[in-house]
Protein chains: 2
Amino acid sequence: MRIGELAERAGTTTRALRYYEQLGLLPARRAGNGYRAYDEADLRLLREIRMLQDVGFELEETRPFVECLRAGHPEGDSCQASLEVYERKLAELDDCIARLREARARVAGQFERAVRARDGLAASEQPPRCELTRE
Amino acid sequence: MRIGELAERAGTTTRALRYYEQLGLLPARRAGNGYRAYDEADLRLLREIRMLQDVGFELEETRPFVECLRAGHPEGDSCQASLEVYERKLAELDDCIARLREARARVAGQFERAVRARDGLAASEQPPRCELTRE
DNA sequence: GTAAACCTTGCCCCCGACGTCAACGCCAGC
DNA sequence: GCTGGCGTTGACGTCGGGGGCAAGGTTTAC
């Protein structure tokens with residue numbers, strides 16, 4: 001299988017595959033004419049990469065999964081290193097979500113305060129944000 | 001006030017201030033020697049920028065707020081354009097949070113499945129210790 | 001036989017918000 | 001007058017994940 005077919009079957013581009021090879025993430029054998037040659041195992045590796053990327057993994061974070069598969073394990077996450085990446089990712093996601101929710105609360109508070117200031121100019125000037133910051 | 005003092009008082013860097021000026025976001029008057037000259041009003045504008053950035057606004061999104069203040073309004077969000085940015089940002093944050101939560105759920109699912117597979121595999125390789133009552 | 005479709009390497013480009021020099025000007029203190 | 005610490009502009013680097021193009025070689029289809 002050549003690069004174009006692999007790219008199409010995995011739903012990505014040839015440019016991406018060359019990039020992965022450049023990172024050493026998905027090296028390719030070469031045919032006599034210099035063309036990259038892939039097999040079904042490579043397709044499996046590539047699908048693992050794409051699946052993880054879809055969930056928000058960086059390419060480097062997919063490396064343990066790919067190496068785990070390449071080592072002959074049935075799943076990319078059959079190895080301890082992969083599980084550790086899962087754990088780190090979960091913590092990272094939790095942290096990110098928490099920060100976004102806090103930002104959301106702050107923006108919502110500012111927004112409502114601003115709307116109130118616009119609507120009731122003559123009313124009070126103190127910002128009553130006691131209940132606004134709560135969900 | 002010169003650039004170093006302003007940067008320090010706003011908790012940012014001179015490089016950032018030159019960048020903001022380059023964007024036309026925070027233009028500076030010039031002293032006779034070519035040095036940038038700022039006043040307290042600029043500090044106010046800069047603080048608005050920094051505050052919004054802290055909540056996740058891009059620099060371009062802070063522009064309506066800065067212009068609102070520069071137009072003489074008491075707050076950066078006293079103008080309709082700023083309120084619209086608030087609304088867009090809230091929607092954007094909600095969307096982002098939702099996507100992250102879904103990603104989190106997917107990763108958690110994969111993780112737990114992988115852990116179960118690992119434990120199950122270990123159990124199948126060795127006689128299962130189902131008799132928890134004995135130890 | 002030749003055109004289309006594929007492949008190769010190599011290079012620059014993008015985004016955002018600056019960081020990091022380099023090479024120079026200006027000014028205060030001693 | 002000299003040192004150190006400010007300031008100036010300009011240019012290039014960073015990070016991730018590739019996109020896009022050029023100039024060539026290869027294969028495939030008609």
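1. Of the atoms of DNA strand D within 4 Å of the protein, what percentage belong to sugar or phosphate, and where do the rest belong? Sugar or phosphate accounts for 68% of them, and the rest belong to bases. For DNA strand C, 64% of the atoms within 4 Å of the protein are in sugar or phosphate, with the rest in bases.

2. A note on conventions follows. This is a predicted model, in which local features need pLDDT of at least 70 and side-chain atom pairs count only at pLDDT 80 or more, while totals for chains, interfaces and linings use all residues. Residues are numbered from 1 along each chain as its sequence is written, chains are lettered from A and ligands numbered from 1 in the order in which they are written, and side-chain values use heavy atoms, with hydrogens and water left out.

3. A residue is counted as near a molecule or strand if one of its heavy atoms lies within 4 Å of it. By class, this surface has seven nonpolar, five polar and seven charged residues. In this classification Ala, Val, Leu, Ile, Met, Phe, Trp, Tyr, Cys and Pro are nonpolar, Asp, Glu, Lys and Arg are charged, and the others, Gly among them, are polar.

4. At least two residues each of the surface near DNA strand D are supplied by α2 (14-22) of chain A and by α1 (3-10) and α2 of chain B. The most comes from α2(A), with four residues. Helices are DSSP runs (H or I, at least four residues), numbered from the N terminus.

5. An N or O atom in the side chain of A:Thr13 is 2.9 Å from a phosphate oxygen of DNA strand D. For the side chain of B:Arg18, the distance from an N or O atom to a phosphate oxygen of DNA strand D is 2.9 Å. A:Asn33 places a polar side-chain atom 3.1 Å from a phosphate oxygen of DNA strand D.

6. DNA strand C is surrounded by 19 residues, the closest being A:Gly4, A:Arg36, B:Thr13, B:Tyr20 and B:Tyr35. The classes on this surface are seven nonpolar, five polar and seven charged residues. At least two residues each come from α1 (3-10) of chain A and from α2 (14-22) and α3 (40-54) of chain B. Here α2(B) gives the most, with four residues.

7. B:Arg15 instead has a polar side-chain atom 3.0 Å from a base oxygen of DNA strand C.

8. Within chain A, α1(A) and helix α3 (residues 40-54) pack at an angle of about 45°, with their axes 10 Å apart. Axes are lines fitted to C-alpha atoms, for helices over the stretch in contact, and angles run from 0 to 180 degrees between N-to-C directions. The two helices are therefore oblique to each other; angles under 35 degrees count as roughly parallel, over 145 as roughly antiparallel, 65 to 115 as roughly perpendicular and the rest as oblique. The contact (heavy atoms within 4.5 Å) joins A:Leu6, A:Arg9 and A:Ala10 in α1(A) to A:Glu40, A:Leu43, A:Leu46, A:Arg47 and A:Arg50 in α3(A). It has four nonpolar, no polar and four charged residues.

9. Helix α4 (residues 59-70) and helix α5 (residues 80-119) of chain A pack at about 155°, with axes 8 Å apart. They are therefore roughly antiparallel to each other. Residues in this contact include A:Phe65 and A:Cys68 of α4(A) and A:Val85 and A:Tyr86 of α5(A). By class, the contact has six nonpolar, one polar and four charged residues.

10. Between α3(A) and α4(A), the packing angle is about 145° and the axes are 9 Å apart. Among the residues in contact are A:Leu45, A:Ile49 and A:Leu52 of α3(A) and A:Phe65, A:Val66 and A:Leu69 of α4(A). This contact has seven nonpolar, two polar and three charged residues.

Terms used
A polar contact is a pair of N or O atoms within 3.5 Å; within protein, one must be able to donate a hydrogen and the other to accept it, and residues adjacent in sequence count only if both atoms are side-chain atoms.
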